[in-house]
Amino acid sequence: ENASATGSTAFREATIQVAAGFSDCSLALGVDQVDRPRLAPQREGNTNLLGKASFPALGFALLAKQHMQRYGTTRDQLAAISVKNHWNGARNPNAQFQTECTVEEVHAARDVVDPFTTLHCCPIGEGAAAVIIASEDGIARLGIDSERAVRVTSSVAASERLTPPGGSYHVDLTRQCVNRAYEDAGIGPNDLDVVELHEAFTIEEILYTEAMGLCGEGEGGKLLDTRDTWVGGRCAVNPSGGLLAMGHPFGPTGLGQIAEITQQLRGEAGERQQPNAKTGLAHMVGIGEVCFVHTLSKS
């Protein structure tokens, strides 16, 4: 169990097994039926040593308000993230929600905490996903078509550390992990065609696209205005529908991201296909705080 990053953790461990030569073929499997709020530690009888439970929607709502005040990000821009990702989810047979929505419908949905309505927040459901990681020897041994193989070019993980006053540990960890992944893979933000990132709440997509260098600090909302992050734009962000439409069953979520990027790089994503996709990045954060980033490329 690693909260939202559970599937991403499994993928990294399976990748390390193959990269280190311990195995020529590994399977990363994520399956979950979320028993909210009794997560695995509570079900096993482990008591909470941290005191009162946190309410993630409130924390991210405060970050959204701060971003709006500091950079002029608008409610319409926040809502446009939900509109974009539900448009993508409506074209994904694996998405939990397969219905489009409008900015007006996002605003009119039931309030959660200002400025969020329910359509700013991801659903929690059940699901499963699996990814097979194989070396070149494993591919040959199993008779797999190497032309359909997608290469893992970096795998980076980090856990919570001291954050400067006024900073956000989610954003700081993301920036650190992404920059290490870029260096390991020999790429930069301008090379990305597809990104699957953690947006349990709409503001996260704005914060993390900025941390990834897809735009400057404070300019994440403008990516929605220019449609740069829509399918067909400069870099498709969450073409699966993201957590908002694809759903977030915790265990499988990070593996579902890898599956989506694999489909995109193979050109098999149907109506949500990003044209000429060659390079993708998967990003997840988890309570703790942890962050995982993987980059993949078309072989």
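**Note on an enclosed strand and its surroundings**

1. Strand β8 (residues 279-286) is largely enclosed by the rest of the structure, because eight of its eight residues are buried. Buried here means under 20% relative accessible area, with exposed over 50% and partly exposed in between (1.4 Å probe, protein chains only). Helices (H or I, at least four residues) and strands (E, at least two) are DSSP runs, numbered from the N terminus.

2. The model is predicted: local features need pLDDT of at least 70 and side-chain atom pairs count only at pLDDT 80 or more, while totals for chains, interfaces and linings use all residues. Residues are numbered from 1 along each chain as its sequence is written, and side-chain values use heavy atoms, with hydrogens and water left out.

3. In a regular strand the side chains alternate between the two faces of the sheet. From β8, Thr 279, Leu 281, His 283 and Val 285 point one way, whereas Gly 280, Ala 282, Met 284 and Gly 286 point the other way; all are buried.

4. Strands pair if DSSP finds at least two bridges between them. Strand β6 (residues 194-196) runs parallel to β8 and is joined to it by three bridges, with Val 195 partnered by Leu 281. On β9 (residues 290-298), eight bridges make an antiparallel pairing with β8, in which Thr 279 stands opposite Ser 297. The hairpin of β8 and β9 has three residues between the strands, and Gly 288 in the turn has a positive phi of about 155°.

5. A nonpolar core is a set of buried Ala, Val, Leu, Ile, Met, Phe, Trp, Tyr and Cys residues joined through side-chain atoms within 4.5 Å. The largest has 49 residues, and those with the most contacts inside it are Phe 116, Val 195, Ile 203 and Met 212. A second, separate core of 16 residues includes Ala 129, Val 150, Ile 258 and Ala 277.

6. Phe 116 and Phe 201 are stacked, because their ring centres are 5.7 Å apart and their planes at 5°. The two residues are 85 residues apart in the chain. Phe 116 is buried at a relative accessible area of 1%, and Phe 201 is buried at 10%. Together with Phe 60, these residues form one aromatic cluster.

Note on methods
Phe/Tyr/Trp six-rings, centres within 6.5 Å; stacked < 30°, edge-to-face > 60°.
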